Amino acid sequence: MHQERIVRVNDFALKLANVNGTGSASANGLLMQAIFRMGIPVSGKNLFPSNIQGLPTWYEVRVNKTGHTARALEYDLIVAMNAETYARDVREVRPGGYLLYDSSWPLDASLARADITFLGVPLAEMCNSIFKSARERILMKNIAYLGALVALLDVDMEILDHMLEEKYARKKPLLESNHRALRAGYDYAKNELDCPLPFHLEKMHATDDRILIDGNTATALGCLYAGATVAAWYPITPATSVMDAFKGFCEEFRKDPETGTNNYCILQAEDELAAIGMVIGAGWNGARAFTSTAGPGISLMSELIGLAYYAEIPAVVVDVQRTGPSTGMPTRTQQADILSCAYASHGDTKHILLFPSSPEECFYFAVEAFELAERFQTPVLILSDLDIGMNDWVIPRLKWDDAYRPNRGRVLTAAELEAMPKFFRYSPENADHVAARTLPGVHAKGAFFTRGSGHNKLGGYTEIPDEYQEVVDRLARKHRAAAPAVPAPVIRNQADATFGIISLGGCDAAVREAVDALGERGIIADYMRVRGFPFDERVESFLAAHDRIFVVEQNRDAQLRTLLTMETRVSKEKLRSVLAYGGFPLSSRHVVDGITSQLPQGEG
Amino acid sequence: MPSIKKPAVLHPHLRPNAIGLTVRDYEGSMSTLCAGCGHDSITAAIVRAFYELSTPPHMIAKLSGIGCSSKTPTYFVGGAHGFNSAHGRMPSIASGANAANKELTYIGVSGDGDSLSIGLGQLAHAIRRNLNMLYVIENNGVYGLTKGQFSASADVGSKSKRGDANQYSPIDPVMLGLSLGATFIARSFSGDKAQLVPLLKAGIAHRGFALIDVISPCVTFNDHEGSTKSYLYTRKHLMQVVQSDFVPVAQEITAEYDEGTTTSVTLHDGSVVRFTKVAADYDPRDARKVTAYLQEHQGQGEVPTGLLYLDEDRPDMHAINNTPEAALTGVPYGKLCPGSAALSRLQEEYR
C-alpha cells in the first residue's frame, strides 16, 4: 500500500535497530561505506549503549545528495532487528515509510500500522539453513539484511563485493560466509519484494575527493603530524579511540628504520590526575605532549591544568565530550564541558579552547593546538564530542604542507643563553605577553625553579601582593592576546537577515541545514560558528551587529551563551537559547523548531 | 662584606670534583625549615652525593610535590632544573619529564604525606613503571606545614605532640615498594650521613626506580616522647642490615674484600655497589627473604636500614617502551612527521 509513490533518489534516511554485541556494527558500517563509495554524500550515527552485549543499539544512515549530514529525524525505512524495541521502532517510521523485519516469526499483530509497508525477510530461517554454528547464524543475519538492503536501495553489489574482499582478504572462510549471507538476503528481496524502493541510490561523484573517517582518528593523525612524542591517557569513553589510533599510527610511522626503536612514548596512566601530570612533565622538558579524555577526566585534570596555566607549561588536552554530570551517559553526546574547560582549576584561570566541528577540523585543530600551546606556553583544550569523535564522517581529503615546521614558541637555545648575562623565567615579555622559557639540560644558565606556588616575574617565590599580581595580570593579558590567534569564527551573512545564530562544534551541520530550511520559509538568518576561545573582535562585531541572536548548543545550561555574556561586551538580553541535550546528535529540526517557537507570531 | 680577608688556601671540602666543581656548587638557597630539621641533613647528603658523582648541575632535574620535604629541592644544587609541583603529583610529572628526556638525572623529594596519602597512587604506579629516578621519602610521620596531624606512616600508638595516639595502621614505604616490585629499596636515617650518602649515590646510578625511605624526625611536631619517628626512638631502634658502599664507574676498584661477607653488584652504568652483610643470611636480591626478614625485625620494633633490596634485571620504563638511546626531545621533526605523500597513501584506507 504505497500512499506516495514519489521517487526520491539519494535523499532518504534509514535506521537500523539492533541488539549490541551481535555483530551489527560491521554490516551497518559496510552499508555506509558502500554508499560513500558510490559517490553519494552520506552520514552514519551510531546511537549505542554503555554496554558490551545485549542492550538496544541503533545506527542511522542519512543519504543526502546536497550534502546535509546532520541527523535526520524522519525515517523512510527502519530495519527492526531487536524484538525488545519493535514497538518503538515501528512507531518511528514516517507515514508512508517501510519497516524491514525478520519474518521467520510472525510479527505481533499489535505492532501493525496501516500507513507503512512491512517488508518481511526470513533472516533467521535463511541463516539457520546456510550456517551450522550458533555464532555464525547470529552474525550472518546482519549480513543477510544488508543483502536485502542492497536490493531494496540499489546499492552497487560490485562495490560491496570488492569491500568484502578487502576486509576479509586474509580470512577466506569469513569472506565465503559473508558472500553467502549477502547473496541470500539479496536474492530473497529481489524475488519476493518490490525492488527498488521509491527512495533509492544512484551513483554520483560527490565523494571522489573525500574520505570517510571519525574525529578521534583524525585527531590522532593531527597529533602525529604535529610531532607529538609523548602521550598519556586513562581509558574513557568516548576518547579511548584517540589513543588507540595514535598508537596505531605510531607503530606504522614512528618506528625508527635504522634502530628499530620507537620515536614516541605512550603511557597509560593510573588515572587522569597522572595522565595530565605526565603531559605537563613532558611539556616542561620540551616534548609536544597530549592527553585525550572526556568530562570526568577534565574534572580530575583540573588541578594540574591550573599548575600548567600558572607555571606556563604547554599542554594539549583533547576532550571528547559526553553527557554529564557525573558518569552521565558515557556513550551519548553533549557539549557540556565548555565552562568547566574554559575556567578549569581553582583560582583565576582561563584557557584557550578550540571547537572543531568535524573530523576535518579535528585534524587541523590538533596541529593548531600544539602551536598555540607552545606559542602561549599554556594548556590548550580541544573540545570535540562523541558525535564527531566516534561517528564516521565524509570530509574532504586532508592535506599536509611539507614545508611545515613546528613553531616551538619562545625557547632559548644554548647559544642564546650563553650570550645572556642572566636568565629570568617570566620576563621580559613579548607582544603576546609571553616570556622566554628554557628547557632542562640545555645550558647551565637556563636552570630555574618551576613552581605552582606564588612567584614573581623573575621566577622567584613570592608572597608580596604587587609581585604576585604583576604575574597574574600578565597571564590575563596573555590570554586576551590569544584571541586573534585561535581559529577565526566562520560567518555566513545573508542580505535581509532579521536575526543572528551562533553555534559551535558538532552543531554546525544541523545549524547550516536549519539556516537553509528557515530561508525556504522566508526566515533569513546570519550564522556565526565560533571556533575558539578567547573570543576576538570578529565575534564582538557579529554580536554588535544583531539585536536578536539565537545561541544553539547541546547542553542544559546554555554554557556557550554564558561564556559569551561573561567574555564579550554583549548584553545578556540579546541572546536567546536553543538547547538540545538529550544525548543524541543534533538535527536541523531541533534548530528550526527551537528558533521558530521563539519568534513573534507572524514572523516567518 | 666580611670583616676579615679570606685565606687563599682552599678548604679541604672545597676540593674540586672531576668536573671542576666544589661542594659549594651543589648547594642551593638557605633552608627555611626549622633549626634541627632532619630534612636539612638529608639535603646536605644529597649535595654531597651529587658533588661526589660529579653530575653536571644543569643535567639534574629535581622534582617535588608539596610539604616541608618538597620545599627542600630549593636548598640543594641551585644550578639544577627544579619543579615544585602539586601535592602528591610529582611522580606523574617526573614520569612525563623522563619520558621526554631520559638524558637527565632525576631526583624526586617527597614526604610521607605527599607520597603515602595524597600521592600514594602516583607513587605506586611510578614504582610499577620502574621509572628511572631516585625517589627520596623524607619520612617524619607527621604533617608539619599544617601543624602536626598524623601522616599515613605514623605507627599505631605513636603519640602526637598534643598527646593523641594514632590508631590507624601505618603504611611502610619499604614493604610497599617490595610488594609493588620496586627495583631498589633502601632505608636510612637523616642523622646517619655515612650511610645515607653512598645509598643516595647508588640510587642515582641505579637504572630504575630507587626508593629511599629516610626517617627524618620533625623537631617541631614529632620529636617528643611517645613518637616513633623521634631522634631518640630512631637512634635506639636503628639496626643496620647491610652496610653498602658505592663505587662510581670512574673510580678504580682496588679494595680487596672477603668473599664470605661481602657481595658486589655492578649497576647498569658500570658502577658497583658492595654489600657487607651485617645480618647473617641477608641477601638483598631475594625479595622473599627480604620480606620475611623485615617482617620479623620490624615486628620487634626495630628499624632495619641499608640497601634492603636490589634488582638490576627488570627493564625500566624506557626499555619497556623501546624508546631511542637518546632523548625523545632530540628526535628531529623530519623523523616524526610522515609527510604529505604518506598522508595521501594513508587516506586510501579511509575510502
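Biologist: What is the radius of gyration of chain B, and what would a compact globule have?

Modeller: This is a predicted model, and in it chain B has a radius of gyration of 22 Å, which agrees with the value near 20 Å that a compact globule of 351 residues would have. Along the principal axes, the C-alpha atoms of chain B fill a box of roughly 75 × 60 × 50 Å.

Biologist: How many helices and strands does chain B have, and what share of its residues is buried?

Modeller: Chain B comes to twelve helices and 13 strands, and buried residues make up 51% of its 351 residues. If you take the contacts in chain B between residues at least 6 apart in sequence, 72% of them join residues at least 24 apart.

Biologist: And chain A, what is its secondary structure?

Modeller: Chain A has 19 helices and 23 strands. Its radius of gyration is 27 Å, close to the 25 Å that the globule rule gives for 604 residues, so chain A is as compact as a globular protein of that length. Its C-alpha atoms fill a box of roughly 90 × 70 × 40 Å along the principal axes, and 54% of the 604 residues in chain A are buried.

Biologist: Which domains does the assignment give for chain A?

Modeller: The domain assignment gives domain 1 (8–200), domain 2 (213–396), domain 3 (414–480) and domain 4 (490–596) of chain A. Taken over C-alpha atoms, the centres of domain 3 and domain 4 of chain A are separated by 40 Å.

Biologist: Switching to sheets, in what order do the six strands of the open sheet in chain A lie?

Modeller: The order in chain A is β3-β4-β2-β5-β6-β7, and the pairing is mixed. The edge strands, each of which pairs on one side only, are β3 (42–47) and β7 (117–121) of chain A, and from one strand to the next the twist averages 15°.

Biologist: What does "pairing" rest on, in general?

Modeller: Strands of a sheet pair through backbone hydrogen bonds, and they do so either parallel or antiparallel. In this sheet, strand β2 (residues 11–19) of chain A and strand β4 (residues 56–64) of chain A pair in the antiparallel sense over nine bridges, with Asn18(A) standing opposite Thr57(A) in β4(A).

Biologist: Back to β3(A), then: how many of its residues are buried?

Modeller: Six of the six residues of β3(A) are buried, so this strand is largely enclosed by the rest of the structure. Val42(A), Gly44(A) and Asn46(A) point one way from β3(A), while Ser43(A), Lys45(A) and Leu47(A) point the other way. On its paired side, β3(A) runs antiparallel to β4(A) over six bridges, and Gly44(A) stands opposite Val61(A) in β4(A).

Biologist: Now, where do the two chains touch, and how many residues of each are in contact?

Modeller: There are 54 residues of chain A in contact with 47 residues of chain B. Several elements of chain A give two or more residues to this side, including β9 (210–214), β10 (230–233), β11 (265–268) and α10 (295–311), but the largest share, nine residues, comes from α9(A). The residues on the side of chain A that touches chain B divide into 28 nonpolar, 16 polar and ten charged.

Biologist: Which strand of chain B is joined to β17(A)?

Modeller: Three bridges join β17(A) to strand β2 (residues 81–84) of chain B, and the two run parallel. Thr450(A) stands opposite Phe83(B) in β2(B).

Biologist: Last one: is Phe355(A) buried or exposed?

Modeller: Phe355(A) counts as buried because it has 28 C-beta neighbours inside 10 Å, and the cut-off for that is 20 or more. Phe355(A) lies in the loop between β14 (352–354) and α12 (359–375) of chain A. Although Phe355(A) and Leu504(A) are 149 residues apart in sequence, their C-alpha atoms are 6.5 Å apart in space. Leaving aside residues up to four places away in sequence, Phe355(A) touches several residues, among them Leu383(A), Leu504(A) and Val530(A).

Technical notes
Residues numbered from 1 in each chain as written. Chains lettered and ligands numbered in written order. Predicted model: local features only at pLDDT ≥ 70, side-chain atom pairs only at ≥ 80, totals over all residues. Domains from an automatic or database assignment. Helix = DSSP H or I, 4+ residues; strand = E, 2+ residues; numbered from the N terminus. Rg over C-alpha atoms; globule rule 2.2 N^0.38 Å. Buried ≥ 20, exposed ≤ 12 C-beta atoms within 10 Å, placed from the backbone. Pairing = 2+ DSSP bridges. Axes fitted to C-alpha atoms, helices over the stretch in contact; angles between N-to-C directions. Contact = placed C-beta atoms within 7 Å. Nonpolar A, V, L, I, M, F, W, Y, C, P; charged D, E, K, R; others polar.
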